[in-house]
Amino acid sequence: MTLSRQQIIEGLVGVVIVVMASYGFWLAGLPVNPYKGLVTTIEVDLEEATREYFEQRMTTTLAAIEATEDAGGDIDLNLYLSAASDAYSLGDLVTAREQLEKQLAVNSINYVAWNNYALVLEDMQDWEAAEAAFIKTIEVGQGVAKYYEDYADFLLDHFPERRDDLKTVYEEDLLRRGQTVWNMTGLGDWYVAEGECDKAVDHYEVAVVLLPDNQALKDDLESLKRNCE
């Protein structure tokens with residue numbers, strides 16, 4: 001029997017459809033990578049002995065966590081923090097992230113864990129999640145200076161165009177902790193970038209009053225007075 005051209009084309013199309021469907025089912029069966037497109041490791045400079053120490057300690061800690069989880073026991077939350085710290089020291093961002101997520105799932109008001117989590121997410125370049133974690137850190141951290149500073153650095157490094165948001169961070173820190181060298185110089189620099197020299201000088205003068213023995217700060221103020229236009 002001789003097949004017509006139309007029958008041959010239809011047969012080929014049918015084969016292609018079957019192959020594509022089979023490929024689709026195969027893809028659907030593959031595990032989903034939740035970290036696709038993100039940075040999962042970073043380079044760390046460790047001596048071999050130090051690396052082995054962290055690896056052995058992390059392996060032991062993770063084994064203890066898994067055994068306790070399998071047994072349905074109560075886990076010492078510090079184990080999650082320890083494993084996350086060791087993983088981060090080794091440049092393993094995924095393990096660090098997952099251990100911090102386990103910690104926070106049980107203790108959602110641990111602001112140290114939230115801050116560490118935010119920094120890990122930042123290294124992973126998971127910007128939206130990192131920012132949410134920085135904001136949560138400030139919320140539960142009750143005005144710890146470092147957390148405002150870390151969030152401000154995050155904005156400066158990755159979203160320098162978000163000028164109003166940066167100013168809000170400085171102003172919220174000012175409201176919570178009062179005038180500090182950090183928020184005064186931060187606002188001073190913000191006003192410099194906006195071309196508001198008088199306000200910039202005012203803020204730097206307050207910073208000098210707060211830290212009168214710091215010559216570098218005095219030099220910055222004098223430079224500002226000479227050059228800001």
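Q: Which residue just after α3 takes a positive phi, and of about how many degrees?
A: The model is predicted, and local features are taken where pLDDT is at least 70. Just after α3, the residue with a positive phi is Gly 91. Its phi is about 85 degrees.

Q: What caps the N-terminal end of α3?
A: A side-chain oxygen lies 3.0 Å from the backbone nitrogen of Asn 78.

Q: How far apart are the end C-alpha atoms of α3?
A: Helix α3 covers residues 77-89. At 1.5 Å a residue, its 13 residues should span 18 Å. The model agrees with this, as the end C-alpha atoms are apart by 19 Å.

Q: Within what arc do the buried residues of α3 fall?
A: The buried residues of α3 are Tyr 80, Ala 83, Ala 84, Asp 86 and Ala 87. Seen down the helix axis, they line one face, because they fall within an arc of 165 degrees.

Q: Which helices are included in what covers the buried residues of α3?
A: Thr 61, which lies in helix α2, is in contact with Leu 79, Ser 82 and Ala 83, leaving aside neighbours within four places in sequence. Ala 83 is one of the buried residues of α3. The cover includes α2 (48-71) and α4 (93-106).

Q: Is Leu 77 buried or partly exposed?
A: Leu 77 is in helix α3, and beyond its neighbours within four places in sequence it is in contact with Gln 103, Val 106 and Asn 107. Buried means under 20% relative accessible area. Leu 77 has 22% relative accessibility, so it counts as partly exposed.

Q: Is Thr 61 buried or exposed?
A: Thr 61 lies in helix α2. Its relative accessibility is 8%, so Thr 61 counts as buried.

Q: Which residues have the most contacts inside the largest nonpolar core?
A: The largest nonpolar core has 47 residues. Phe 154 is in contact with Glu 122, Trp 127, Ala 130, Glu 131, Phe 134 and Phe 159, leaving aside its neighbours within four places in sequence. Those with the most contacts inside the core are Tyr 117, Tyr 151 and Phe 154.

Q: Which residues does the disulfide join?
A: The count comes to one disulfide, with an S to S distance of 1.9 Å. The pair links helix α10 to the segment after α11, 31 residues apart, and both cysteines are buried. The disulfide joins Cys 197 to Cys 228.

Terms used. Residues numbered from 1 in each chain as written. Predicted model: local features only at pLDDT ≥ 70, side-chain atom pairs only at ≥ 80, totals over all residues. Heavy atoms only, no water. Core = buried A, V, L, I, M, F, W, Y, C linked by side-chain atoms within 4.5 Å. Buried < 20%, exposed > 50% of the residue type's maximum accessible area, 1.4 Å probe, protein only. Contact = heavy atoms within 4.5 Å. Helix = DSSP H or I, 4+ residues; strand = E, 2+ residues; numbered from the N terminus. Expected span 1.5 Å × (residues − 1). Arc of directions from axis to C-beta. Polar contact = N/O pair within 3.5 Å; in protein donor to acceptor, adjacent residues only side chain to side chain. Disulfide = S-S within 2.5 Å.
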